[in-house]
Amino acid sequence: MTDHHYALGLTWQGNRGTGTSGYRDYSRDCVLTADGKPDLLGSADVPFRGDGSRWNPEELLLAALSQCHLLSYLHSAVNHGIVVTAYDDAPVGTMSQVGQGGRFTSVVLRPRVTIADPAQLDLAREIHREASENCFIAASVSFPVTHEPEILVA
């Protein structure tokens, strides 16, 4: 087994002068930093008093699942001799709030993949399952991550 380690910085930017003196008295804004990368502006989702122009944790989780599946899929495609010429996704996640907490209950990835060889349409569809099994992020969550792929030929 090989361990990989990841690190970043997170700085809260929301003290409006009185800190967390009241629920409406502070901003949920933060900045995420990592060496050699552009800063990522974060906040809470709008229903939780966040700034809608910044990334929220729910979107970042959805993005991580989508990107991980993309990278796993491309790896599987190479292993199976499938030439992918384009790939985009429109993932959707559902989060249920219970009291002050909650959890994601599902994510549906909707990858649209363009391949070069029409004879590989079925195989290109099938390897989404393999990609899902190899995705580190999907393997780390406790809710179902399903796929509704569309396969096109260039």
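**Salt bridges, pockets and local features of the predicted model**

Arg112 is partly exposed, with a relative accessible area of 37%. The structure described here is a predicted model. The mean pLDDT of the protein chain is 96, and 100% of the residues reach a score of at least 70. Among the elements of the protein chain, E7 has the highest confidence, at 98, whereas E1 has the lowest, at a mean of 94.

The salt bridges are considered next. Five salt bridges were counted in the model. One of the pairs is formed by Asp88 and Arg112, whose closest N and O atoms are 3.0 Å apart. Asp88 belongs to strand E4 (residues 84-88) and Arg112 to strand E7 (residues 112-115), so this pair ties together parts of the chain that are 24 residues apart in sequence. The partner of Arg112 in this salt bridge, Asp88, is also partly exposed, with a relative accessible area of 36%.

A further salt bridge joins the side chains of Arg110 and Glu148, with an N to O distance of 3.0 Å. Here too, distant parts of the chain are linked: Arg110 is found in the loop between E6 and E7, while Glu148 is found in the loop between strand E8 (145-147) and strand E9 (150-153), 38 residues apart. Arg110 counts as partly exposed at 37% relative accessibility, and Glu148 is likewise partly exposed, with a relative accessible area of 44%.

How far apart are the N and O atoms in the salt bridge between Asp29 and Arg54? The side chains of these two residues meet at 3.6 Å, N to O. Asp29 lies in the loop between strand E1 (9-12) and E2, and Arg54 lies in the loop between strand E3 (40-42) and H1; the pair thus links distant parts of the chain, 25 residues apart. Asp29 and Arg54 are both buried, in contrast to the partly exposed Asp88 and Arg112. Asp29 and Arg54 also take part, together with Asp51, in a network of salt bridges.

The largest pocket contains about 780 Å³ of space. Its lining comprises 20 residues, and those closest to its centre are Tyr6, Leu8, Lys37, Ala64 and Gln67. H1 makes the largest contribution, with seven residues. The lining of the largest pocket consists of 15 nonpolar, four polar and one charged residues. Domain 1 (9-48) and domain 2 (57-153) each provide at least three residues to the lining of the largest pocket.

The second largest pocket contains about 350 Å³ of space. Which of its 21 lining residues lie nearest its centre? These are Arg28, Ala44, Asp45, Phe48 and Glu58. At least two residues of this lining come from each of E2, H1, strand E5 (92-98) and strand E6 (101-109). The greatest contribution to the lining of the second largest pocket is that of H1, with three residues. By class, this lining contains 11 nonpolar, seven polar and three charged residues. As with the largest pocket, domain 1 (9-48) and domain 2 (57-153) each supply at least three residues to the lining of the second largest pocket.

Two individual residues complete the description. Leu8, one of the residues closest to the centre of the largest pocket, lies in the segment before E1. Leu8 counts as exposed, because its relative accessibility is 60% and exposed residues are those over 50%. Although Leu8 and Leu32 are 24 residues apart in sequence, their C-alpha atoms are 6.9 Å apart in space.

The backbone of Arg49 was also examined. Most residues other than glycine have a negative phi. Arg49, however, has a positive phi, near 70°. This residue is located in the loop between E3 and H1, the loop that also holds Arg54. Arg49 is partly exposed, with a relative accessible area of 37%, whereas Arg54 is buried.

Conventions:
Residues numbered from 1 in each chain as written. Predicted model: local features only at pLDDT ≥ 70, side-chain atom pairs only at ≥ 80, totals over all residues. Heavy atoms only, no water. 1 Å grid on protein atoms, 1.4 Å probe; cavity = no way out; pocket = protein on both sides within 12 Å on 5 of 7 lines; lining within 4 Å. Points joined across faces, edges and corners; volume = space filled by probe spheres on them. Helix = DSSP H or I, 4+ residues; strand = E, 2+ residues; numbered from the N terminus. Nonpolar A, V, L, I, M, F, W, Y, C, P; charged D, E, K, R; others polar. Domains from an automatic or database assignment. Salt bridge = Lys/Arg side-chain N within 4 Å of Asp/Glu carboxyl O. Buried < 20%, exposed > 50% of the residue type's maximum accessible area, 1.4 Å probe, protein only. pLDDT = per-residue confidence, 0-100.
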